[in-house]
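This briefing is meant to be read alongside the sequence and the structure. Please keep both in view and look up each place as it comes up.

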Amino acid sequence: MAESTKSEPESGLLTNIFLEIVQSPINIALVLLISFLLYKIFRRQNETPVRQAAPELPKLKKRDFTVEELRKYDGTQGDGRVLVAVNGNVYDVTKGKRFYGPGGPYAAFGGRDASRGLATFQVSAAGEGYDDLSDLSTMEMDSVKEWESQFKEKYDLVGRLLKPGEQPNNYSDEEDEPVTTGEKSKDD
Ligand code: HEM
């Protein structure tokens, strides 16, 4: 057994450790593995993120939308903004673009009234024109309202979805006032 004394030079100890390691193939493999993992960890820390978060779009000025106007905001336009209507209200869901933008699982809601789809759990339930939802059951409407309260919590309310012939509100003087939703959420 090697005697380790205080006078033994430190380099001798290191040499012993080195010899111990290189004499066993398993040890060599472990050293290589540890070096590789350390290299990966340090490289990852110094790397700049590959996927930079998209810059946030300026807040949309409050306004009301016809079904046709809403349709443009499906995320395919230059700025990539996505709006979704739920229960007669329009929400800016751009920060949830991975859901509602092109290629997302709920892309069929982008630029559309998602109410019927949310009520019936069918993503592609929306028709082409305005949907007054009058044939939905009470349970289905409750489900729409429940969904809406989630949208309200997460996304900005932009305005209302207009019925055919309905005139848009002028929000210019009431910028910070909440849009009259007709429906109350549990937070109101
Ligand atoms: C197999 C069926 C489904 C699975 C596994 C699924 C899975 C998910 C998951 C994991 C999330 C949360 C994503 C996150 O917050 O990161 C989510 C959110 C959501 N799902 Fe689904 N889903 C399914 C069906 C549906 C259907 C049928 C609808 C509507 C018709 C729907 C509408 C939504 C909506 C609106 C959100 C919220 C996205 C947001 O935060 O804006 N899902 N789903």
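This is a predicted model: local features need pLDDT of at least 70, side-chain atom pairs count only at pLDDT 80 or more; totals for chains, interfaces and linings use all residues.

**Confidence**
- The pLDDT averages 84 over the chain, and 82% of the residues score at least 70.

**Overall make-up**
- The chain contains 6 helices and 3 strands, and read from the N terminus its elements follow the order α-α-α-β-β-α-α-α-β.
- The chain has 188 residues, of which 23% count as buried.
- Taking the contacts between residues at least 6 apart in sequence, 59% join residues that are at least 24 apart.

**Helix 2**
- Helix 2 covers residues 25–46, and its 22 residues should span 32 Å at 1.5 Å a residue, which agrees with the 32 Å that separate its end C-alpha atoms.
- Helix 2 is hardly covered, since the count of buried residues among its 22 residues is 0.

- In soluble globular proteins, nonpolar side chains tend to be buried together.
- In this model the largest nonpolar core has 24 residues, and those with the most contacts inside it are Leu70, Leu83, Val84, Val86, Val90 and Tyr91.
- At least two residues of this core come from each of helix 3 (67–71), strand 1, strand 2, helix 5 and helix 6, and the largest share, 4 residues, is supplied by strand 1.
- Leaving aside residues up to four places away in sequence, Val90 touches Phe65, Leu70, Leu83, Ala85, Val158, Gly159, Arg160 and Leu161.

**Around the ligand**
- Which residues are around the ligand? They are Val93, Gly96, Phe99, Tyr106, Gly117, Leu118, Phe121, Gln122, Val123 and Lys154.
- Sorted by class, this shell is made up of 6 nonpolar, 3 polar and 1 charged residues.

**Two residues with positive phi**
- Most residues other than glycine have a negative phi.
- Asn87, which is not a glycine, has a positive phi near 55°, and its place is the loop between strand 1 (83–86) and strand 2 (89–92).
- Is Asn87 buried or exposed? Asn87 counts as buried, because it has 24 C-beta neighbours inside 10 Å.
- Phe121 is not a glycine either, yet its phi is positive at about 55°; this residue is found in the loop between helix 5 (115–120) and helix 6 (138–154).
- Phe121 is exposed, because 9 other C-beta atoms lie within 10 Å of it, and this residue is one of those around the ligand.

**Glu128 again**
- Glu128 lies in the loop between helix 5 and helix 6.
- Glu128 and Glu68 are 60 residues apart along the chain, while their C-alpha atoms are separated by 9.0 Å.

Conventions: Residues are numbered from 1 along each chain as its sequence is written. A residue is near a molecule or strand if its C-beta atom, placed from the backbone, lies within 6 Å of it. Ala, Val, Leu, Ile, Met, Phe, Trp, Tyr, Cys and Pro count as nonpolar, Asp, Glu, Lys and Arg as charged, and the others, Gly among them, as polar. A residue is buried if 20 or more other C-beta atoms lie within 10 Å of its own, exposed if 12 or fewer, and partly exposed in between; C-beta atoms are placed from the backbone. Two residues are in contact if their C-beta atoms, placed from the backbone, lie within 7 Å. The expected span of a helix is 1.5 Å times one less than its number of residues. pLDDT is the predictor's confidence in each residue, from 0 to 100. A nonpolar core is a set of buried Ala, Val, Leu, Ile, Met, Phe, Trp, Tyr and Cys residues joined through C-beta atoms within 7 Å.
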